[in-house]
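Student: I should like to learn how to read the local features of a structural model. Could we proceed feature by feature?

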Amino acid sequence: MGRWSEAAAAAGSGASAARSDGPPPAPLPLPSAAPACAAPMASSEEDGGASEAGSEKEATGKRRRLGWLATAWLTFYNIAMTAGWLVLAIAMVRFYMEKGTHRGLYKSIQKTLKFFQTFALLEIVHCLIGIVPTSVIVTGVQVSSRIFMVWLITHSIKPIQDEESVALFLVSWTVTEITRYSFYTFSLLDHLPYFIKWARYNFFIILYPVGVAGELLTIYAALPYVKKTGMFSIRLPNKYNVSFDYYYFLLLTMASYIPLFPQLYFHMLRQRRKVLHGEVVVEKDE
């Protein structure tokens with residue numbers, strides 16, 4: 001579902017730095033021309049290429065007013081996030097080589113995962129202060145969707161932590177984020193290698209469906225435990241006279257993938273054609 005691995009509005013923190021050849025279609029750290037409703041999936045990437053020219057100019061102007069400090073901070077942020085996800089990737093590879101199984105993987109890397117995924121909340125701040133050309137609402141939904149998967153699903157429901165689906169979305173997220181943040185970093189440095197650009201607009205073709213499948217299967221695996229324990233649910237009667245059923249909330253969350261995934265995925269494919277092949281892509285008004 002939910003940082004819901006690329007594309008709905010202007011790219012997260014790095015999108016602001018994208019060059020004329022166009023920012024990445026994301027992860028889904030996320031964006032502005034893509035349908036706003038697509039924001040919810042955690043595996044999705046933000047799509048810098050879809051951002052409005054006006055918002056891009058406005059953010060650029062804001063960065064100029066803030067001076068070198070804004071650019072320096074965004075560069076540091078994206079380098080730190082690239083390094084963080086690289087550390088995660090190395091830890092995951094080492095674990096599997098030593099243990100030969102995915103069981104126990106989440107427990108071994110959970111602290112690093114939680115830190116860097118939660119650190120991504122700063123991308124909302126970047127939007128709020130105007131140094132990146134991204135919708136605060138869209139970015140907020142996408143970042144919070146990743147937080148949801150990490151803290152309210154995988155962290156909170158320990159019996160599912162060894163599910164194959166958890167390893168599935170972890171691998172997808174990790175490769176996606178290394179690609180995305182390195183793209184933003186090199187764009188800020190005004191030196192974008194073609195391979196990074198190519199990876200940014202091609203890896204999602206496989207990683208996005210894989211990540212979404214991992215997220216859905218993980219939520220599905222959590223349903224029996226949630227139903228049995230009633231976790232995070234509020235029952236009547238209570239002094240506030242309100243009720244909430246986390247089990248049905250998860251079912252609705254899973255159902256939301258049905259209309260959102262195709263919209264976001266095909267948007268990203270259109271952005272890929274636009275950036276890599278120079279095709280003129282006309283987005284339909286939603």
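Predicted model: local features only at pLDDT ≥ 70, side-chain atom pairs only at ≥ 80, totals over all residues.

Student: How many residues does helix H9 have, and what span is expected for it?

Tutor: Helices are DSSP runs of H or I with at least four residues, numbered from the N terminus. The expected span is 1.5 Å times one less than the number of residues. Helix H9 covers residues 246–277, which is 32 residues, and its first and last C-alpha atoms are 45 Å apart, close to the expected 46 Å.

Student: Where does H9 bend?

Tutor: A bend is the angle between axes fitted to the seven residues ending at a residue and the seven starting there. In H9 the bend is about 40° at Leu260, and Pro262 follows within four residues.

Student: What is found at the two ends of H9?

Tutor: A polar contact is a pair of N or O atoms within 3.5 Å; within protein, one must be able to donate a hydrogen and the other to accept it, and residues adjacent in sequence count only if both atoms are side-chain atoms. At the start of H9, the backbone nitrogen of Tyr247 has a side-chain oxygen of Asp245 within 2.9 Å. Just after H9, Gly278 has a positive phi of about 70°.

Student: How many aromatic pairs does the structure hold?

Tutor: A pair of aromatic rings is described by the distance of the centres and the angle of the planes. Rings of Phe, Tyr and Trp (its six-membered ring) pair if their centres lie within 6.5 Å; planes under 30 degrees apart count as stacked, over 60 as edge-to-face and the rest as tilted. The structure holds 24 such pairs. In one of them, Phe204 and Tyr265 have ring centres 6.0 Å apart and planes at 70°, so the pair is edge-to-face. Because Phe204 lies in helix H8 (residues 204–229) and Tyr265 in helix H9, the pair ties together parts that are 61 residues apart in sequence.

Student: Are Phe204 and Tyr265 buried or exposed?

Tutor: Buried means under 20% relative accessible area, exposed over 50%, and partly exposed in between, with a 1.4 Å probe and protein chains only. Both Phe204 and Tyr265 are buried. In helix H6 (residues 164–188), 20 of the 25 residues are buried. Met149, in helix H5 (residues 136–155), counts as buried because its relative accessibility is 0%.

Student: Which charged residue lies over the face of Trp173?

Tutor: A charge sits over a ring if NZ of Lys or CZ of Arg is within 6 Å of the ring centre and within 35 degrees of the ring normal. Arg146 lies over Trp173, at 4.1 Å from the ring centre. Arg180 lies over the face of Tyr181, at 4.2 Å from the ring centre.

Conventions. Residues numbered from 1 in each chain as written. Heavy atoms only, no water.
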